[in-house]
Amino acid sequence: MPDRAQAAAQYAAGMRAYKRGEYELAVSAFDKAIALGDSGFAVLDGKAAACNRLDAWRAAGLAVAERSVRLYGERSYKPWYRKASVLLAMSQHKAAWDATTAALTRCDDAKARDVVSRLRASVETAHRAARARRLASAGDAEAARLALARRATNFIHVLPADVLVRVAEHAVAADPNAVVRLAGVCAHWRALVLENTRFWRRLVVSARRPMDKVRLFAARAGPAGLSDITISTRVLPPQAQAVYDALAPHIATVRVLDVPRAAGDAFKTKCRALESLESAGTQRAEPLAHGWLHPDARQLRSLRLVDVHVHQRPITAGSGTDDAEPDGADAGASGGSIDDWTWTGGSVAQLAGLRTLVLTNSTLVFSSPDLAGLLRHLPTLEHFELDATRCEFGAGPPSAPLALPRLRTFRLALGARQADPFDQVHAPALRHLSLAGSHPSTGPLAILSRSLAYALPNLESLDLGHTVFPLSDLINVLGHAASMRFLNVSFAQLGNDFLEALVVPDTDEAHPHPTLIPNLTALSIAGSTEMTAGPLRRMVLSRLPAHLRPAAPAPTAAPRRSAFAPRSRPSQPRPAAPAHLPAPTTSTPSSTSTPATPATPATPSPPTPSPTPRSRPAPAPLTWLCADQCTHPSMEPAVLDRLRPHLGFLSHTPGANADPDRARGRGRWAWDQDWRQGCAHGQGCALRPDADGKAWHVHHVCKRGRADADEGGQDGPPPSWRRIEGGGRV
């Protein structure tokens with residue numbers, strides 16, 4: 001029977017002897033405690049520590065430490081720490097390094113990790129010193145000198161492991177391929193990145209050895225599997241199909257998938273955890289998301305597809321999918337409800353959490369007569385965009401009213417004769433609307449004034465490019481858009497009357513009506529062949545704060561009139577402006593005018609009172625302006641150049657090859673980015689995608705950007721700029 005009281009007394013005696021430096025007595029006391037039946041971790045650890053202090057007993061101490069690891073190493077880092085200490089004293093550096101690695105994986109707090117990291121640094125230092133001694137003893141003086149110099153200048157082993165992990169996290173976030181380069185730095189870095197499998201979960205496949213890269217990352221991603229896959233467009237179709245087949249066993253854990261072309265049946269019904277999908281189709285009839293979603297998939301949040309041909313299909317009983325040909329299908333003919341039809345080939349719940357849907361150059365075949373047949377399946381939708389996408393609607397009565405409380409962005413290039421998309425859809429949170437390319441019969445302004453009248457006061461951006469409408473209707477709509485910041489009327493056949501309507505007069509007396517679009521900061525008038533530089537200049541300068549406007553020239557003294565000169569005729573009153581248009585203004589901000597004083601033969605007229613200061617709120621200054629392809633002879637480039645100091649961004653490209661995204665304020669030319677004064681000077685200031693490819697930032701190469709870099713700004717001094725294709729989304 002073990003005598004726990006005597007064993008405890010022997011353990012206490014051993015600890016007292018260890019602290020006095022009497023290590024042989026300590027070992028003897030710990031042996032007696034073990035003989036009395038106490039084989040706990042504290043006793044074994046104390047004996048191993050005492051043996052480690054005695055050169056002749058270190059082998060026995062290693063045996064005790066290994067016994068402690070077998071008994072208690074699964075739950076605690078301490079047995080591994082003791083084993084590493086003994087191995088370090090025995091100059092077995094490789095085994096000591098492995099023991100510290102095992103200890104780090106079992107640390108449950110920062111203090112424990114710090115203790116193990118310091119021991120790990122000691123192992124690294126001893127290993128480098130031993131290598132230098134070996135080189136010196138071998139007669140290689142130069143190699144020994146380099147080894148000692150490297151040891152004196154390389155402090156990587158001194159940093160705790162958690163700091164190095166943070167460094168690796170930032171490197172991999174900026175470039176997923178950095179993990180491969182980090183693994184090739186040294187044994188220290190290689191062990192670090194191999195231990196942390198999360199660094200290998202993001203895979204970017206390029207044209208260089210794609211299959212080898214897939215196998216490498218899939219093997220090192222660990223049990224959690226791959227989570228983010230991007231396949232470059234440079235991967236040729238035969239290679240791409242082989243990559244898809246190799247990824248098929250690992251696709252169930254993938255959350256983000258970006259592929260340049262459809263993978264056929266390789267991923268069919270296998271994507272269980274997919275949250276974001278971006279891919280291209282083949283213009284053949286197929287379900288939405290190519291039918292890749294698992295029947296139980298409920299995580300999809302973002303879907304961006306190009307060149308797809310999608311049919312709304314009826315759900316067959318039992319399987320939840322439809323194998324019949326959907327062409328010509330009609331919801332009214334089937335007699336089923338809207339829940340009996342699917343876009344993904346599976347349950348309608350697969351799209352219930354979708355927040356972003358973008359379809360480009362695609363075709364949608366509806367069973368319903370309107371867009372509600374699709375939007376009804378997307379109750380949490382926030383961003384909806386159909387760009388160059390043809391919609392083929394079915395027959396039957398209009399759909400029931402539908403509410404989308406989260407919808408903020410709606411972009412629809414109608415192009416053909418279609419009904420009002422907001423007849424059945426109520427979107428109270430709508431902030432960004434694009435009806436570019438609408439057919440005149442669609443009546444985009446009628447949609448705004450009738451179906452979206454409730455959303456106009458909160459609308460922040462409106463795109464009406466390539467659309468024809470009367471100016472009076474546009475002024476009527478814009479009069480209710482007090483929150484609008486961006487307006488695109490490119491190629492809308494508007495003239496100077498539109499610019500004059502946007503001019504903010506100096507006084508309320510000159511214009512008693514409220515300022516039109518007071519918060520406007522970005523305007524696109526590209527392709528407006530009837531607009532000239534004068535009204536554009538007046539509009540831009542009138543919206544500047546008073547202290548930033550160009551100084552007006554000093555008034556010159558009137559010449560002295562002769563007593564025999566004829567009297568001037570009284571000035572005639574100006575005709576009143578139409579009710580729906582602001583009163584036109586004829587004076588520019590850079591000139592002053594004195595109201596004429598009618599002369600009377602009887603008594604001199606009283607002095608004219610000076611105009612009262614403007615009491616209306618000051619409008620927001622314009623910071624972004626696109627005047628590409630404005631080819632009127634009076635649109636003088638010299639006048640526009642004088643406006644550049646007052647704008648963050650100004651583009652005036654007369655050629656026919658201007659970027660269409662610039663006219664729409666999107667992509668690399670986004671109107672709501674950090675365009676600052678000076679960005680329009682020279683060449684190169686434009687948007688660049690962030691590391692994750694989902695956001696953009698302005699990359700400055702102008703004088704302002706270089707000044708910020710000298711002051712420690714975020715942009716940094718760019719040696720050169722090159723256009724980055726793809727990878728970004730706005």
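Where is the place of Arg431: in which loop, between which strands?

1. Arg431 lies in the loop between strand E16 (425-426) and strand E17 (432-434); strands here are DSSP runs of at least two residues and helices (H or I) of at least four, numbered from the N terminus. Please keep in mind that this is a predicted model, where local features need pLDDT of at least 70, side-chain atom pairs count only at pLDDT 80 or more, and totals for chains, interfaces and linings use all residues. Residues are numbered from 1 along each chain as its sequence is written, and side-chain values use heavy atoms, with hydrogens and water left out.

2. Arg431 is buried yet has no salt bridge, and Glu460, the nearest side chain of opposite charge, is 4.4 Å away. Buried means under 20% relative accessible area (1.4 Å probe, protein chains only), and a salt bridge needs a side-chain nitrogen of Lys or Arg within 4 Å of a carboxyl oxygen of Asp or Glu. The Arg431 side chain does reach the backbone oxygen of Ala429, at 3.3 Å.

3. Now to the nonpolar cores: sets of buried Ala, Val, Leu, Ile, Met, Phe, Trp, Tyr and Cys residues joined through side-chain atoms within 4.5 Å. The largest has 121 residues, and Phe267 and Phe498 touch the most other members. A second, separate core of 21 residues includes Tyr77, Leu87, Ala102 and Val116.

4. Do look at Ala96 too, in helix H6 (residues 93-104). Ala96 counts as buried because its relative accessibility is 0%. Leaving aside neighbours within four places in sequence, Ala96 is in contact (heavy atoms within 4.5 Å) with Ala84, Leu87, Leu88 and Val123.

Terms used:
Buried < 20%, exposed > 50% of the residue type's maximum accessible area, 1.4 Å probe, protein only. Lys, Arg positive; Asp, Glu negative; His and termini not counted. Polar contact = N/O pair within 3.5 Å; in protein donor to acceptor, adjacent residues only side chain to side chain.
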